[in-house]
Amino acid sequence: MHEWALAESVIKTAAEHAARGKLRSVSEVAVFLGELQSIDKEIFAFALAELVKSSFKGLSGCKFRLLAEPAAFKCKACSKEFTLKVLKKTEEEAENIHFIPEMAHTFLKCPRCKSPDFDITAGRGVSIKHIKGEGGA
Amino acid sequence: MSNLDPRPSVIGVRLSKIKRMIAVTGWKGGIGKSVTASALALLLAKRGFKTGLLDLDLAGASAHVVLGAGGAFPKEEMGLEPPIVAGVKLMSVAFFSNNKAVPLRGADISYAIIEMLAITQWGELDFLIIDMPPGINDAALDVIRLLPRAEILVVTTPSVISHSVLERSMELYKSLKVPVLGVIANMERGAGARSMTARTVCQRPLAGGRAENHRGVVRPRLDPGEGYPQPLAGRIRYDAALEKTLGSPDKILKTNFAKDLGKIADFMFCGMTQ
C-alpha cells in the first residue's frame, strides 16, 4: 500500500514540527487528501494509527483530521478552469495518477482546447493544513 | 499557516541505506548519459554490488529501454518497491506513463521527483545510479537540494560545444560545493581513444575514493595535451555496435563500450567492497 509511505511522511513532519516548536504534545493534525491522487482514506487512517505507535510520544493522543480536497485545474493555453469530474480516464490511467499525480499531464487534457499544459490549482495529493500542539517550552 | 508538503521529510529515510549515490549528468543532449548510467548500473550489479537505477529524465526516460525492462512494474509494499531488471533495481516515470509523453513544467517536475523519492523503497544498496536529464534544470537542482550526498559523474563527448558547456557546468558545481566524481569522455575516436587504457588502470581510488574527501575542490582546468577538464575519470571509445545491443543487458555487457566503462568503474570504485 503506497498510502503507508505518504502517511509516514505526515507522522514525521508532525514530529519534526513539534520538535521545532518544542511542543510536549501534538493535539491535532489536519491533512488534505487531494482528489486527483485518490488516496484511500481508510488505509491512510489505518496507516497513521499504526505508525504513530512507534513515533514521537507526543503524537500518541493526536487526532488526525482527513479532509477531502476537490481537484481544480486551469489551462495555461486557453485559461479555462475545470474540475476532475469533467475529465475522462481509464482505470489504469487513474492508477498511474494515483502513484504520481503529475501523470495527469500525460493522460488528461483541457476539455476546451485539449492541451495537456494546465496548472493543478488544488487537490493534487497529500498536504498538511495545520498542526496544533500544546506545551511549548 | 500555509499548507505543508510532508513528503520531503521521508526522503532521507528512503535513502538512508544507500552507501553511494552517483548522478550521471552532462549538459548536452545525445552524449550518452542514459546508456552510460544504465550500463554503469549493470556493471556494478555484475560485480556483486547491490545497485539501483533511478531515471530522473522525466521527459526522455530511457533507462527502461536500455535495460529492456519490458512489462516490469513496481510492487506496492509500504510504498513502491522497484522491480529488479538484470540485477538492477529500476525506478522510472516510464512505469506510470504507458509509453506516452510526460509534458511537465518546472514545478510539476519537482513535485513528481519528490513523489518518486518519497514513495520508493530502495532498501539496502551499495550504489544508486541516477540518470539525469541534460542541463541544469529543475531535476538537477532538485538532486542537489534533496540528495546532498549525490556525487556528480559528468559525461562529455569530443566536441568543442560539449567541452564549452562542460566547463560552465564544472564552475557551477564548484560554486555550489557539489562533489564531482569525475568526467567520462564518451564516443572517443583516434588518439583520444588509444590513450585511454593507461588512464583507467586502478592504481588508487579517485580523489581518495569518497566524495567527502574532495568536496568542492574540483577545479576545471585543461588536461595538458588532451583538452579535457579534470578530474578525467576515463575515456570510452566510440562503439558503433552498441546501438544494436540496447535492450539486452547481456549483450551490452559484452560491448567495447561496457569494457571501457568497466575499467573506469573499477578505477573510480576500486576501494569499495560489497
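1. A word on terms before we start: a polar contact here is a pair of N or O atoms within 3.5 Å, where, within protein, one atom must be able to donate a hydrogen and the other to accept it. By that criterion, 15 residue pairs are in polar contact between chain B and chain A, both residues of each pair being at pLDDT 80 or more. Please keep in mind as you read that this is a predicted model.

2. Now to chain A by itself. Chain A has four helices and six strands, and from the N terminus on they follow the order α-β-α-β-β-β-α-α-β-β. Along the principal axes, the C-alpha atoms of chain A fill a box of roughly 55 × 30 × 15 Å.

3. On the chain B side, 34 residues are in contact with 39 residues of chain A. Between them the two chains bury about 3000 Å², and 60% of that area is on carbon and sulfur atoms.

4. One of the pairs to inspect is E93(A) with K100(B), which form a salt bridge whose closest N and O atoms are 3.7 Å apart.

5. Which elements give two or more residues to the side of chain B that touches chain A? They are helix 1 (11-14) and helix 4 (106-119) of chain B. Helix 4 of chain B provides the largest share, seven residues. Sorted by class, the residues on this side of chain B comprise 20 nonpolar, six polar and eight charged.

6. Finally, have a look at the largest pocket, which holds about 300 Å³ of space. Its lining is made of 16 residues, and R124(A), G125(A), V126(A), S127(A) and Y111(B) are the ones nearest its centre. Two or more lining residues come from each of strand 5 (118-122) and strand 6 (126-134) of chain A, and from helix 4 of chain B. Strand 5 of chain A gives the most, with three residues. The lining has five nonpolar, five polar and six charged residues.

How values were computed
Residues are numbered from 1 along each chain as its sequence is written. Chains are lettered from A and ligands numbered from 1 in the order in which they are written. This is a predicted model: local features need pLDDT of at least 70, side-chain atom pairs count only at pLDDT 80 or more; totals for chains, interfaces and linings use all residues. Side-chain values use heavy atoms; hydrogens and water are left out. Contact means heavy atoms within 4.5 Å. Buried area is the accessible area (1.4 Å probe) that two parts lose on being put together, summed over both. A salt bridge is a side-chain nitrogen of Lys or Arg within 4 Å of a carboxyl oxygen of Asp or Glu. A polar contact is a pair of N or O atoms within 3.5 Å; within protein, one must be able to donate a hydrogen and the other to accept it, and residues adjacent in sequence count only if both atoms are side-chain atoms. Ala, Val, Leu, Ile, Met, Phe, Trp, Tyr, Cys and Pro count as nonpolar, Asp, Glu, Lys and Arg as charged, and the others, Gly among them, as polar. On a 1 Å grid over the protein atoms alone, a cavity is a set of points where a 1.4 Å probe fits but cannot get out, and a pocket is an open set with protein on both sides within 12 Å along at least five of seven lines; lining residues have an atom within 4 Å of a point. Grid points are joined across faces, edges and corners, and a volume is the space filled by probe spheres set on the points.
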